[in-house]
Amino acid sequence: MATYNEGTREIAQEIEARLLENPDYSRRLGEFGFIELEETWGDETTILNTARVSTSNRRLRNLSDLTEKDKNLLFHLLSQHHGTPFETVYFRFRFIAPIFVLRQWVKHRISTWNEFSMRYRKPISAYYVPDEKALTVDGFPVLTPDQIERYADLMERIFAFYEAEYQESCRRIDQAASEGRLPGEKKDPAARNPYRARARELLRSAMPVSAYSDVYWTVNFRSLMNFFDLRTKENAQYEIREYALAARELFARKFPLLSELYEKSGSGPE
Ligand SMILES: Cc1cc2nc3c(=O)[nH]c(=O)nc-3n(C[C@H](O)[C@H](O)[C@H](O)COP(=O)(O)OP(=O)(O)OC[C@H]3O[C@@H](n4cnc5c(N)ncnc54)[C@H](O)[C@@H]3O)c2cc1C
């Protein structure tokens, strides 16, 4: 485990707080991973009402008004891949995941991302270490405990490298500033220090893809189903599958009927 820098300790405390405040809709994944379903917009009635614009004037105000006929229509829309009504319901997840997982996740282009920036902050100083299940295929260990120890040792050295080099740059910048040797003037006193920022920009290139990042992900239900379909399958990489399964579980908790019908329909959008 890397020594957490101050920002990372704050994030770790925030995760603890979120798990306590919103236990039904948040999950820890491994040592530093996390996912929370923070907010949703719309529900089954939104899907039915928007779908009916072309066929009838029946509109539902509350979920409790849903009849068997409505449920059948919802199932029909799902199984016949009527795409756009499912684009009217939105979800915002927050997740903290290794960068190599985010590289796969961000390929789901029909969604909105806001991500932690190593230009503005030092990296999150936590890295992914494969858990026991991740280390084996059909019970066969593809990496041994010795290998994991060497891997962890390398990660420690990379994080220590970042910290040492960043501190050295900051010392040189501060020294030059105190001696009036820094070129250029800081026009806006509230603006970030461009010298430290450039040091962060350059040094972040040394960070491994096992480093964690923090994302707000806003996605409509059609795109979310596509994500579930592709990333909960056996052929998806274990690490992103763990997040997709957790997201799927949080969705099902929030929308049990929609989840049941989606499951029964056997597939997501086309
Ligand atoms: C097992 C697995 C292995 C993968 N391997 C690789 C890999 O080796 N390299 C790699 O780069 N990616 C890889 N991917 C990512 C994959 O190619 C998709 O980019 C990713 O799954 C997102 O799917 P999507 O395009 O359907 O999602 P979104 O980008 O969210 O798009 C949703 C839907 O919108 C439509 N759409 C979006 N953009 C366009 C467009 N430009 N033109 C037309 N229609 C569009 C499509 O119907 C699409 O299905 C892999 C995915 C999986 C599940």
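Residues are numbered from 1 along each chain as its sequence is written. Because the model is predicted, local features need pLDDT of at least 70 and side-chain atom pairs count only at pLDDT 80 or more, while totals for chains, interfaces and linings use all residues.

The protein chain contains nine helices and seven strands; helices (H or I, at least four residues) and strands (E, at least two) are DSSP runs, numbered from the N terminus. The radius of gyration of the protein chain is 23 Å, whereas a compact globule of 270 residues would have a value near 18 Å. This radius is taken over C-alpha atoms, and the globule rule is 2.2 Å times the number of residues to the power 0.38. The C-alpha trace spans about 75 × 55 × 35 Å along its principal axes. Of the 270 residues, 24% are buried. A residue is buried if 20 or more other C-beta atoms lie within 10 Å of its own, exposed if 12 or fewer, and partly exposed in between, with C-beta atoms placed from the backbone. Among contacts with a separation of 6 or more, 79% are accounted for by residues 24 or more positions apart, two residues being in contact if their C-beta atoms, placed from the backbone, lie within 7 Å.

Two helix pairs were examined. The axes of helix H7 (residues 221-231) and helix H8 (residues 238-254) come within 9 Å and cross at roughly 135 degrees. This angle makes H7 oblique to H8. Axes are lines fitted to C-alpha atoms, for helices over the stretch in contact, and angles run from 0 to 180 degrees between N-to-C directions. Angles under 35 degrees count as roughly parallel, over 145 as roughly antiparallel, 65 to 115 as roughly perpendicular and the rest as oblique. From H7, Leu224, Phe227, Phe228 and Arg231 take part in the contact, and from H8, Ile240, Arg241, Ala244, Arg248 and Phe251. By class, these comprise six nonpolar, no polar and three charged residues; Ala, Val, Leu, Ile, Met, Phe, Trp, Tyr, Cys and Pro count as nonpolar, Asp, Glu, Lys and Arg as charged, and the others, Gly among them, as polar. The buried residues of H7 are Phe221, Arg222, Ser223, Leu224, Met225, Phe227 and Arg231. Their cover includes strand E3 (90-98), strand E7 (212-220), H8 and helix H9 (256-265).

Helix H2 (residues 44-51) packs with helix H3 (residues 68-79) at an angle of about 80 degrees, their axes being 10 Å apart. H2 is therefore roughly perpendicular to H3. Glu44, Ile47, Leu48 and Ala51 of H2 meet Asp70, Leu73, Leu74 and Leu77 of H3. This contact has six nonpolar, no polar and two charged residues.

Most residues other than glycine have a negative phi. His81, which is not a glycine, has a positive phi of about 55 degrees. His81 is placed in the loop between H3 and E3 and is partly exposed, with 14 other C-beta atoms within 10 Å. Asp138, also not a glycine, has a positive phi of about 50 degrees. Asp138 occupies the loop between strand E5 (136-137) and strand E6 (140-141) and is exposed, with 4 other C-beta atoms within 10 Å.

Val106 lies in the loop between helix H4 (99-105) and strand E4 (112-115). Val106 counts as partly exposed, with 13 C-beta neighbours inside 10 Å.
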